[in-house]
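Visitor: Could you take me through one part of this structure closely, explaining how its strands are arranged and what surrounds a few of the residues in them?

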Amino acid sequence: MLEEQLIQAAGFRNVGPDDAPSGFQLRVRSPYYRGLWGNLIEKPTVTVDGEEFGGDDIVWTLPTGEYTFDELQRSPDARWPMDAPALLTVPKPGGLTRGIHDVTLELRLRMSYIPEELQPSIWTTSRKAVIVR
């Protein structure tokens, strides 16, 4: 079951070996009630404890596969359903330290039926999240 908040409490963790993490992950719920095709997702911005990570290097894991941002834009099959979280993998050599972190996500999405001049829709959310190991 997904939480109401966009940034899910479960799934915030370092990736890679414990002694040499290569980055971190966070799970994100789609804010859009219909789900989205990958090419309607714009580059997100993830900020942790004031350090900003741009969308170029973030890898998206969706039910349809794992995608770099460029692959997400080109894929005819990439889809983010409303009821499945996206897993965002953010490269950061050494990962994050154990403990509580302030995490902010800015998510920009385009809707296929809304005029271009009114796009994108922007969701910004923050929460505290914990790295355990």
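Guide: In this predicted model, strand β6, which covers residues 59-62, and strand β9, which covers residues 86-91, run antiparallel to one another and are joined over three bridges. Across this pairing, W60 has L88 of β9 standing opposite. In general terms, the strands of a sheet pair through backbone hydrogen bonds, and they may do so in a parallel or an antiparallel manner.

The pair belongs to an open sheet of five strands, whose order is β1-β2-β9-β6-β7 and whose pairing is antiparallel. At the edges of this sheet lie β1 (13-15) and β7 (65-67), each of which pairs on one side only. Averaged over the sheet and with direction ignored, neighbouring strands are turned by 25° against each other.

The N14 side chain comes within 2.8 Å of a backbone atom, namely the nitrogen of L96.

A further strand, β10 (residues 99-109), includes L109, which is classed as buried because its relative accessibility is 0%. Beyond its neighbours within four places in sequence, L109 is in contact with P31, L36, L40 and I41, and also with Q119, P120, S121 and W123. Between L109 and G38 the separation is 71 residues in sequence, while their C-alpha atoms are 9.6 Å apart in space.

Technical notes. Residues are numbered from 1 along each chain as its sequence is written. This is a predicted model: local features need pLDDT of at least 70, side-chain atom pairs count only at pLDDT 80 or more; totals for chains, interfaces and linings use all residues. Side-chain values use heavy atoms; hydrogens and water are left out. Two strands pair if DSSP finds at least two bridges between them. Helices (H or I, at least four residues) and strands (E, at least two) are DSSP runs, numbered from the N terminus. Axes are lines fitted to C-alpha atoms, for helices over the stretch in contact, and angles run from 0 to 180 degrees between N-to-C directions. A polar contact is a pair of N or O atoms within 3.5 Å; within protein, one must be able to donate a hydrogen and the other to accept it, and residues adjacent in sequence count only if both atoms are side-chain atoms. Buried means under 20% relative accessible area, exposed over 50%, partly exposed in between (1.4 Å probe, protein chains only). Contact means heavy atoms within 4.5 Å.
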